[in-house]
Amino acid sequence: MGSGPTIDDRDVLLVVDVQNDFCPGGALPVHDGDAVVPVVTRLAEKFRHVALTQDWHPPGHHSFASVHGGRKPYEQVALSYGPQILWPDHCVQETAGAAFHHELTIPHAALVLRKGFRREIDSYSAFFENDQTTPTGLAGYLRERGLSRVVVVGLALDFCVRYSAEDARKVGFDVIVVEDGCRGIDVDGSIAATRRELTQQGVRLVDTM
Ligand code: VGL
Ligand code: ZN
């Protein structure tokens with residue numbers, strides 16, 4: 001193992017959406033998504049502070065293609081707050097698909113932040129809903145606990161990991177994305193765009209920590 005940045009007590013590991021529906025066999029499978037599970041579990045042991053996010057949609061959520069008659073998953077539509085990619089029904093509240101992967105074992109994770117629970121609005125980012133103005137409260141939680149650097153891993157690199165990392169930066173945290181703890185969906189080159197954007201915004205991409 002190579003050595004990456006040193007981890008200290010002001011760091012929080014943010015584990016994004018490591019849920020069954022984003023793993024092979026799930027409703028919105030990310031290629032090789034379950035490969036992040038052992039990487040994330042091992043990495044989490046090095047962090048004193050860990051928070052998890054959980055994509056958590058009501059049935060009939062507006063990000064589901066199934067509620068836009070005739071539209072197909074991965075098409076883009078305009079919703080009230082801007083463009084939205086449509087997805088297969090996924091991570092429906094209280095279903096097995098919305099549960100964390102059963103091998104994800106992080107007993108000391110202190111916070112599970114659910115997002116995307118309002119029918120009309122999606123939430124990729126752990127910090128703001130997709131209207132880019134409604135806060136989830138995560139920034140305040142982290143600040144109040146004296147945490148200043150956010151290390152992001154999980155699914156999917158080019159959606160929820162990307163927007164969580166960008167927003168963390170925007171509200172003043174130092175941000176690292178550990179790429180071998182992430183896998184992406186890749187809609188129209190979105191993985192390459194993610195690497196470009198994150199780098200440009202001052203998010204450090206590393207391969208191990
Ligand atoms: C995600 C698409 C829809 C993600 C969540 O976790 O990246 N992607 N909902
Ligand atoms: Zn979702």
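Ala, Val, Leu, Ile, Met, Phe, Trp, Tyr, Cys and Pro count as nonpolar, Asp, Glu, Lys and Arg as charged, and the others, Gly among them, as polar. By that rule, the shell around ligand 1 holds 6 nonpolar, no polar and 2 charged residues. This is a predicted model: local features need pLDDT of at least 70, side-chain atom pairs count only at pLDDT 80 or more, and totals for chains, interfaces and linings use all residues. Residues are numbered from 1 along each chain as its sequence is written, while chains are lettered from A and ligands numbered from 1 in the order in which they are written.

Start at ligand 1. Asp17, Phe22, Asp55, Trp87, Leu155, Ala156, Phe159 and Cys160 surround ligand 1 (each with its C-beta atom, placed from the backbone, within 6 Å).

Now turn to helix H3, residues 157–170. Helices (H or I, at least four residues) and strands (E, at least two) are DSSP runs, numbered from the N terminus. In H3, 12 of 14 residues are buried, meaning that 20 or more other C-beta atoms lie within 10 Å of their own, again placed from the backbone. Phe159 and Cys160 are among them. The buried residues of H3 pack against strands E1, E6 and E7 and helix H4. After H3 comes Gly172, with a positive phi near 105°.

Next, the core. A nonpolar core is a set of buried Ala, Val, Leu, Ile, Met, Phe, Trp, Tyr and Cys residues joined through C-beta atoms within 7 Å. The largest has 51 residues, and Leu13, Leu14, Val15, Val152 and Val153 touch the most other members. H3 gives the most to this core, with 7 residues.

Note on methods: Two residues are in contact if their C-beta atoms, placed from the backbone, lie within 7 Å.
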